[in-house]
Amino acid sequence: MNTMLRKSVLGIAGLAFTGGIFAGPIAAHADAAPAHSTKPVAVSVQGAQSKIDLNDEQLANAKAIIAATKKAGLPERAAVISIATSLQESKLENLGHLGDRNDHDSLGLFQQRPSSGWGTPEQITDPEYSTLAFLKGLKQVDGWQDMPLTEAAQTVQVSAYPDAYAQWEQQAADIVAHNWNS
């Protein structure tokens, strides 16, 4: 082996060893994170993010989604997915029948359809009921906790615009982080 090649190999090996010495203690404690995070981290925010200012009604609906998620015994990630879905479907507004502007018979925070078995119009326009119905669908998605938000939401919602949910992930994560413990 020529001298230059030998020095390069030894230099790289030395850097790797030194890096292991310093990174080893950090890596050893990587799993020492608390079991329950106080701030939900967006798993994989995809693409450009949208954000809207929320009025009192929209904020109350977001808090109702969080309360229903807790009632269902699910973690913050489920609330993030639910709120992002509602932001896309209704901008967190509990929508009634919109006439010609309505997509079929879609109603409520999640634009669920009575004709598709989501419940009665009265149930679907109840924030707790509609959230629990959405979460019931989410729990049936294998691996929802680890998949991109837009994929989890789309699997439940079956939207004509499957990638649209991703744009709301950061705002949904921020809403949950701010309101989960309040």
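Author: A residue is buried if its relative accessible area is under 20%, exposed if over 50%, and partly exposed in between (1.4 Å probe, protein chains only). Keep that rule at hand.

Reader: What makes Glu-169 count as buried?

Author: Its relative accessibility is 1%. The limit for buried is under 20%. So Glu-169 counts as buried.

Reader: What kind of model is this?

Author: It is a predicted model, in which local features need pLDDT of at least 70, side-chain atom pairs count only at pLDDT 80 or more, and totals for chains, interfaces and linings use all residues. Residues are numbered from 1 along each chain as its sequence is written, and side-chain values use heavy atoms, with hydrogens and water left out.

Reader: How many helices and strands does the chain have?

Author: There are seven helices and zero strands. Helices are DSSP runs of H or I with at least four residues, strands are runs of E with at least two, and both are numbered from the N terminus. From that end, the order is α-α-α-α-α-α-α. Of the 182 residues in the chain, 37% are buried.

Reader: What share of the contacts in the chain comes from residues 24 or more positions apart?

Author: They account for 63% of the contacts with a separation of 6 or more. A contact means heavy atoms within 4.5 Å.

Reader: Why is helix 6 called largely enclosed?

Author: Helix 6 spans residues 149-157, and seven of its nine residues are buried, so the rest of the structure largely encloses it. Leu-149, Ala-152 and Val-156 are among them.

Reader: What covers the buried residues of helix 6?

Author: The cover includes helix 3, helix 5 (127-139) and helix 7 (169-179). Just after helix 6 comes Val-158, with a positive phi of about 55°.

Reader: Why is Met-147 called buried?

Author: Met-147 has a relative accessible area of 12%. The rule asks for under 20%. So Met-147 is buried. Its place is the loop between helix 5 and helix 6. Leaving out residues up to four places away in sequence, Met-147 touches Arg-77, Val-141, Asp-142 and Ala-152.

Reader: Where does Arg-77 lie, and why is Arg-77 called buried?

Author: Arg-77 is in helix 3, residues 76-90. Its relative accessible area is 9%. That meets the limit of under 20%. So Arg-77 is buried.

Reader: How do you know that Glu-169 forms a salt bridge with Arg-77?

Author: The rule wants a side-chain nitrogen of Lys or Arg within 4 Å of a carboxyl oxygen of Asp or Glu. The closest N and O atoms of Glu-169 and Arg-77 are 2.8 Å apart. The pair passes, and it is a salt bridge. Glu-169 lies in helix 7 and Arg-77 in helix 3, so the pair ties together parts that are 92 residues apart in sequence. The two side chains are also joined by a polar contact of 2.8 Å. That term means a pair of N or O atoms within 3.5 Å; within protein, one must be able to donate a hydrogen and the other to accept it, and residues adjacent in sequence count only if both atoms are side-chain atoms.

Reader: How many salt bridges does this rule give?

Author: The count is two. Lys-71 and Glu-128 form one of them, with the closest N and O atoms 2.5 Å apart. Lys-71 sits in helix 2 (residues 56-71) and Glu-128 in helix 5, 57 residues apart.

Reader: Are Lys-71 and Glu-128 buried, partly exposed or exposed?

Author: Lys-71 has a relative accessible area of 59%, so it is exposed. Glu-128 stands at 34%, so it counts as partly exposed.

Reader: How many aromatic pairs are counted, and what makes the pair of Phe-110 and Phe-134 stacked?

Author: The count is one aromatic pair. The ring centres of Phe-110 and Phe-134 are 4.9 Å apart, and the planes meet at 10°. Rings of Phe, Tyr and Trp (its six-membered ring) pair if their centres lie within 6.5 Å; planes under 30 degrees apart are stacked, over 60 edge-to-face, the rest tilted. So the pair is stacked. Phe-110 is in the loop between helix 3 and helix 4 (121-124), Phe-134 in helix 5, so the pair ties together parts 24 residues apart in sequence. Both Phe-110 and Phe-134 are buried.

Reader: Why is Asn-179 called buried?

Author: Asn-179, in helix 7, has a relative accessible area of 9%. Neighbours within four places aside, Asn-179 is in contact with Leu-59, Lys-63 and Ile-66.
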